[in-house]
Amino acid sequence: MKVFDLPPLWTLLCLGSVLALDRMLPLDLFGMAGRVVGAAAVLAGLGLMLAAVMRMRVAATTVIPHRAPSALVTGGVFRWSRNPIYLGDVLVVLGITLWIDAPLGLLMLPVLMAVLTRRFILPEEAKLAAAFGPDFADWCLRTRRWL
C-alpha cells in the first residue's frame, strides 16, 4: 500500500480540498496581489523541488519516500531546509490558494504540513539518523526542518 502513499497525492488531495472550500464559500479577498504572490509561490515551490531533485540525483540517492537513502545531501537548497521538496509542495498549495482567491484554503496548509511531517519526514529522518548518525545530527543542528 505504500506505493500509493506518496507526497504528491497528499498535495493533490489538499488542492482538491482548497477547491472544495472555495466552492462552498467563495470569498474574494486577495485580488491581483493574490495572483502575483500566488504565481511567485508556485514558481518558488517548483524551483525548490527541481533544485532538490537535481542535487539528490547528483548524489545518487533516492527521491522516493520509504526507500533507503544512499547519501546524506546537505548542500544546495538542503543548506536552508532539510525538506525542500516538501516545502515546495506547501508553497505550491499556498500559491494556488492565493491565485484562485480561496482564503479558506489556507486552512489546508497546516494540515498538509502535519501529514507530510508524520507520514514522510519523521520516518525519513529516522532512516537518515540510522544510516548517517553524527553527520545527520550535525546537519539537524545547522538546518531547520522546514525553513
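How many nonpolar, polar and charged residues does the lining of the largest cavity have? Here are some friendly notes, with the answer in point 2.

1. This is a predicted model, in which local features need pLDDT of at least 70, side-chain atom pairs count only at pLDDT 80 or more, and totals for chains, interfaces and linings use all residues. Residues are numbered from 1 along each chain as its sequence is written, and side-chain values use heavy atoms, leaving out hydrogens and water.

2. The lining of the largest cavity has three nonpolar, one polar and three charged residues. Ala, Val, Leu, Ile, Met, Phe, Trp, Tyr, Cys and Pro count as nonpolar, Asp, Glu, Lys and Arg as charged, and the others, Gly among them, as polar. Its lining residues are Pro65, His66, Arg119, Phe120, Pro123, Glu124 and Lys127. The volume of this cavity is about 30 Å³. On a 1 Å grid over the protein atoms alone, a cavity is a set of points where a 1.4 Å probe fits but cannot get out, a pocket is an open set with protein on both sides within 12 Å along at least five of seven lines, and lining residues have an atom within 4 Å of a point. Grid points are joined across faces, edges and corners, and a volume is the space filled by probe spheres set on the points.

3. The largest pocket holds about 570 Å³ of space. Among its 30 lining residues, Met56, Thr62, Val63, Tyr86 and Glu124 are the closest to its centre. By class, the lining of this pocket divides into 20 nonpolar, four polar and six charged residues.

4. Aspartate 5 is buried, with a relative accessible area of 9% (buried means under 20%, with a 1.4 Å probe and protein chains only). Leaving aside neighbours within four places in sequence, aspartate 5 is in contact (heavy atoms within 4.5 Å) with Trp10, His66, Arg119 and Phe120.

Conventions
Buried means under 20% relative accessible area, exposed over 50%, partly exposed in between (1.4 Å probe, protein chains only).
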